[in-house]
Amino acid sequence: MNTKHKIQAFTLSEMIIVIIITSIVVGMAFSVLSLVQKHMSSIQNNFNQNSTLNRFEQSLWIDFNRYSKISYNSMNDELVCASEIDSVTYKFTKEYIIKDVDTFNLLFQNKSVFFNGDKKQNGRIDAIKLEASKALQNQQLFIFKKNDAAQYMN
């Protein structure tokens, strides 16, 4: 019996070429995936830092306008907001800021405090200017309160 049927199939060299091309494409895909993951991580970190800065700014605005007496102690690097009933303390450290039970992971390069437009070192204040680090694109916060007559007494 004489059959002359040729079986159609790929040769070994064609299969090796397909495997090589597939491995190159998969390798490129993983390298691109790695770059995308790094970019997503940096975007997430930037978002977290900006969110923390915004929460800290909101907290300062609320406390500056809620409490009648605001004072700064440069020796302890503390900002104290007080009223007859309650008080809140902001403790500034090199790497973070502590407000009662909240911790803000922020780094500020410069801090200036003011009372009635004059720069002060200690005592009662009505405004604070904070300059963020390079990690936060050198953003500046300026928080102030309007003084009433009670501020100028004593």
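Guide: This is a predicted model.

Visitor: Why are F56 and F92 called an aromatic pair that is edge-to-face?

Guide: The structure holds seven aromatic pairs. In the one formed by F56 and F92, the centres are 6.5 Å apart and the planes stand at 90°. The limit for the centres is within 6.5 Å and edge-to-face needs over 60 degrees, so both terms apply. The pair links distant parts of the chain, with F56 in helix α1 and F92 in strand β3, 36 residues apart.

Visitor: Which residues form one aromatic cluster with F56 and F92?

Guide: Y90, F104 and F108 complete that cluster.

Visitor: What makes K111 a charge over the ring of F92?

Guide: The charged end of K111 lies 4.6 Å from the ring centre. The distance limit is within 6 Å, so this value meets it.

Visitor: Are F56 and F92 buried or exposed?

Guide: Both are buried, and that word is kept for residues under 20% relative accessible area. Within α1, the buried residues are T52, L53, F56, S59, L60, D63 and F64.

Visitor: How do you know that the length of α1 fits a helix?

Guide: Helix α1 has 55 residues, 12–66, and at 1.5 Å a residue these should span 81 Å. The C-alpha atoms at its ends are 80 Å apart, which agrees.

Visitor: Which members of the largest nonpolar core touch the most other members?

Guide: Of its 24 residues, they are F56, L79, Y90 and F108. The elements giving two or more residues to this core are α1, β1, β2, β3, β6, β9 and β10. Its largest share, four residues, comes from α1.

Visitor: Why do β1 and β2 count as paired strands?

Guide: Pairing takes at least two bridges, and β1 and β2 have five, so they qualify. Their sense is antiparallel, and I70 stands opposite C81 in β2. The hairpin of β1 and β2 has four residues between the strands, and D77 takes a positive phi near 55° there.

Visitor: How is β2 joined to β3?

Guide: Five bridges join these strands, which run antiparallel. C81 stands opposite V88 in β3, and a hairpin connects β2 to β3 through four residues.

Notes:
Residues numbered from 1 in each chain as written. Predicted model: local features only at pLDDT ≥ 70, side-chain atom pairs only at ≥ 80, totals over all residues. Heavy atoms only, no water. Expected span 1.5 Å × (residues − 1). Buried < 20%, exposed > 50% of the residue type's maximum accessible area, 1.4 Å probe, protein only. Phe/Tyr/Trp six-rings, centres within 6.5 Å; stacked < 30°, edge-to-face > 60°. Lys NZ or Arg CZ within 6 Å of the ring centre and 35° of its normal. Core = buried A, V, L, I, M, F, W, Y, C linked by side-chain atoms within 4.5 Å.
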